[in-house]
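The questions below go through a two-chain model, from overall build to single residues.

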Amino acid sequence: MAMSFEQTAAGQWTLNVTGYTCPHPQMYTKKAMQKLASGDVLTLLFDNPSSGESILSMCDNDGNEVFDRHDGDGNFVWKIRKA
Amino acid sequence: MNANVEALSGVGWMDQFRHRLYSAAILLAVTLGSVWALAIDVRFIYLLVYVWFGVIYGVLLQYGRFCMAAAVRDLFAVKVPRMAVGMMIAVGLYALVAAVVTLTGFSTFHPQPLGWHVLIGGAIFGFGFVFTGGCASGSLYKTGEGNLNSALVVFSIAFSQALVVSASGWFDGLAPAAWAQSAAAKGMPESLSVTRGWFDLFTAGYIWDLKGQTLAELLAVGDSPVTTIFVNTFVNAILPVLGILVALYAFYYRKGFLRKSGKAHLGWSDELAGMWAMCTSSKNTALAGVGLGIFAGLHMWVTGALREHYEIFNFGELLAAMGYTDGLSIQNTVFDPGYWYITTQEAQWGGWVLEKLGVNMMDNVFFGLDNGLPNPLLNAPGFMSIGIILGAAMLALARREFKWKFPTWESAFFAIAGGILMGIGARIAMGCNIGAFFATVTNGDPSGWIFLAGMVGGGYVSVRVFTKWMDWKVAREGGGLL
């Protein structure tokens, strides 16, 4: 199990923290958002439900927008646009 | 924030039906188990109260992603106050319900001894729970989500506590001589060997010499119910909760609220609106906080009423009356707090297994005198913990969030090492984030705030250490995050 963070296209990034439990997903997401430029989109893959609530609050506090969520069977794929 | 929320592709209605069927099967199993227990002896209603409140706690914890480790850790690690806010909402509500329960005379609460051990135990506990990823009850509800890392944390907490309270050896010498003298002077039965074993010396030679008092007793404000409630509920719980909420708003939420409001300055009404926005920003967490606060208070009331009905002080008396005397302490008692509690029953699980493996676990104060070592099938608070796992599993399945998650070597190490620290911290502080904090501050006992201070301090240091380790790992593995 290893975290991966990569740029998939101009302004498009993917962070995969599937398999990680608290507090890794929210801490890696925070680090990833710091790497993005304003307007960039992060596709976040994770499978730790409790991290989701913290990530939503973190985005809300920082003004970043979670604009697309696909949830099911304990897997979460979210798209976050950096403010 | 209105995100487009959809189910992942490939998840059809059959799959959804299957998950809901599993969830309903758990509910049916708990119901049938309850009926079976009542058919054996109607007095098992006392044990079933723990079971069903456990199920309710599990549902609410999973619904709100309610974990007190997150309250401390996320505050320092990612500057998110949502769980700290949820925790304060729960404390405020529990305190109000507890006040009513106290007035009715059904309170089961006893204040904890106040001393340095509370701060130190809280710090060790707080240091550990950053690494495990969950607090004592958080680890239970995450186990219900299929997270076997969290199950490993529960095992680790159970066995580390059992070993801490029963071990005897060279570290007995770490206990001051005064503890040994004080313990010897207590005149305890020989079978307990209170002058041997670090934890026995700590308990009989130090803890028993301390006083547990509510704030009203500490300030000697008199016996008037109104004064007592004012001091224990308003001064000891509600005022600190309001102070902490204001601090969370000022340091972690106001800046973002100011940006969102588009105003250069905020008036009083804006600040109040900001506080409200902070409290409701995570509706799931806030609602879980409200529910947990109310049900934790009701739990105390129902158990108190049952004790009065059966004219008992402890479930051990009821077990003895039903003919189950194995595992009772020498006082004919078992662990029976009468309210939400986590770590002691887990210590009993560990102790019971070790006893079955041939280790004498009853020659100490913790099991032998106070809590006993009942068969897990007769361990009422133990069933509350199992209820939390099952309640969380029911909701996680119904929400299609259940997923088996197996430990890696790295996560297993953190779960075991962090769990050991949580177990040691919980025993030194005489409780965890529930028993030593949540249940105390809400019932007028100021010792819980000392525990919180230690837990926050330990959590802060632990987040620093954990962040360093994560940075090292990211630098080593690449990934472009640094």
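A residue is buried if 20 or more other C-beta atoms lie within 10 Å of its own, exposed if 12 or fewer, and partly exposed in between, with C-beta atoms placed from the backbone. This is a predicted model, in which local features need pLDDT of at least 70 and side-chain atom pairs count only at pLDDT 80 or more, while totals for chains, interfaces and linings use all residues. Residues are numbered from 1 along each chain as its sequence is written, and chains are lettered from A and ligands numbered from 1 in the order in which they are written.

Q: What share of the residues in chain B is buried?
A: Chain B has 482 residues, and its C-alpha atoms fill a box of roughly 70 × 55 × 55 Å along the principal axes. Of these residues, the buried share is 54%.

Q: How many helices and strands does chain A have?
A: Helices (H or I, at least four residues) and strands (E, at least two) are DSSP runs, numbered from the N terminus. Along the sequence, chain A reads β-β-α-β-α-β-β. That comes to 2 helices and 5 strands.

Q: What is the radius of gyration of chain A?
A: The radius is taken over C-alpha atoms, and the globule rule is 2.2 Å times the number of residues to the power 0.38. For 83 residues the rule gives 12 Å, and chain A comes close to it, so the chain is as compact as a globular protein of that length. Its radius of gyration is 11 Å.

Q: How do β1(A) and β2(A) run, parallel or antiparallel?
A: Two strands pair if DSSP finds at least two bridges between them; here there are 5. F5(A) stands opposite L15(A) in β2(A), and the hairpin has 2 residues between the strands, with G11(A) at a positive phi near 75°. The two strands run antiparallel.

Q: Which residues form the covered face of strand β2 of chain A?
A: Strand β2 spans residues 12-16, and its uncovered face holds Q12(A), T14(A) and N16(A). Q12(A) has V41(A) as its bridge partner in β3(A). The covered face consists of W13(A) and L15(A).

Q: Is E6(A) buried or exposed?
A: E6(A) lies in strand β1 (residues 4-9) of chain A. Within 10 Å there are 11 other C-beta atoms, and E6(A) is therefore exposed.

Q: How many residues of chain A are in contact with chain B?
A: Two residues are in contact if their C-beta atoms, placed from the backbone, lie within 7 Å. Chain B brings 44 residues to the interface, and the elements that give two or more of them include β1 (4-7) and α11 (225-261) of chain B. The number on the chain A side is 39.
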